[in-house]
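Q: Please take a close look at the aromatic rings of this predicted model. How are rings and charges arranged around one another?

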Amino acid sequence: MTTAVAAPFRFFSLQVVRTERLGPSFVRVTFAGDDLAHFFSDGCDQSLSLFLPHPGQSEPAVPCQLGDGWWQAWRELPDDVRAVMRSYTLRALRRGPDEIDIDFVLHEPAGPASGWASRACAGDRVVLLGPAVADNRAIRFRPPEDTDLVVVWGDETAVPAVSAILEALPAGMCARVWLEVRHPGDIQDLETAADADITWLVREDGCGQDFPLALAALRAAQLPSAERPYVWIAGESGQVKALRRHFVGERGIDRRRVTFVGYWRQGLSEEQLREAG
C-alpha cells in the first residue's frame, strides 16, 4: 500500500509481530511491514493515527485508495464498518528488519483500542497514517538550541513519548521529569544519558485524574537554576492547561518555551474530542 495523503504523511499497511506486557496498564505492540521502508521520523513525540478493525473484521476499513479524499469517505462508512481511529505516539523505530513499537494504555472499561490491544496477536492487520518525512508537523518536542533545563510532565498516555525524549536528551543535559500513572506496577526503568531526576506519581487506588496531586508535586518542587528552561507537558487536556498556567503564571517561564499537548480529555471519546476541535 503506497497511497499518499497530504505530504509529508502517508498510509502504511502493517501487521502485528509480537506484544509485550509492560505493567498493569501498558502493553507494547510491535508492528512490521514492507511499507515501513518509507516511514521516517526524527521526533521524540511523533504523533500517529492508527486504524484498527472491528471484532470480526480481518483488516480495518479505510478508503486509502482515495488519496486526500479518504477522510470524508471514511466518515461516511457505517459505524460498525468504519475503522476505529486513535492517536498514538511512536515509541521506537528500528531498521533491519523495519519495525515500530507503539505502547498502549489499558483501562477498564476498555474502549475499542484498549480492547484491541489487550487481545492483539501476531498477524493482526492495521493501517497507520504516519510520516514519510523525518521532520514533520506532528512532532511537538522542540527545545530551543540554547536550552539549559528540560522540564517534563506527562500522565500514562505520555509515558511512551517521555521515554523517547529521555533517550534522546544529550549527556549532561539537566532534566526534571514527573510521570503520573495508575498503579505502582506501571513504573518503568527509563534510560537516559541526561542528568535527569525522574519522579513517578501514583494516583491513590488507581483513581482517575487527580489535579491536586500533580499541581502539589510541581509547586513543591525546587527546579535547578536555569536561564533558558524548556517545558513539555502532555496528557489529559484539562490537567495540561492547569500545569501550563503554573509554569507560565506562577514560575514566570516564557510561554514560547512551554509546549503543551492534550492527548485526551476527561469524559470525551476521541471522536467527541475531534468534533469539539
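A: The charged end of Arg 95 is placed over the ring of Phe 40, at 5.3 Å from its centre.

Turning to the pairs of rings, the model contains twelve aromatic pairs. One of them is formed by Phe 104 and Trp 116, whose ring centres are 5.8 Å apart; their planes meet at 45 degrees, so the pair is tilted. An angle between 30 and 60 degrees is what places a pair in this class, since planes under 30 degrees apart count as stacked and those over 60 as edge-to-face. The pair links distant parts of the chain, with Phe 104 in strand S6 (residues 99–105) and Trp 116 in helix H2 (residues 112–119), twelve residues apart.

The burial of these two residues can be stated as well. Phe 104 has a relative accessibility of 0% and therefore counts as buried. Trp 116 is also buried, because its relative accessible area is 7%, and the limit for this class is under 20%.

Key:
Residues are numbered from 1 along each chain as its sequence is written. This is a predicted model: local features need pLDDT of at least 70, side-chain atom pairs count only at pLDDT 80 or more; totals for chains, interfaces and linings use all residues. Side-chain values use heavy atoms; hydrogens and water are left out. Rings of Phe, Tyr and Trp (its six-membered ring) pair if their centres lie within 6.5 Å; planes under 30 degrees apart count as stacked, over 60 as edge-to-face and the rest as tilted. Helices (H or I, at least four residues) and strands (E, at least two) are DSSP runs, numbered from the N terminus. Buried means under 20% relative accessible area, exposed over 50%, partly exposed in between (1.4 Å probe, protein chains only). A charge sits over a ring if NZ of Lys or CZ of Arg is within 6 Å of the ring centre and within 35 degrees of the ring normal.
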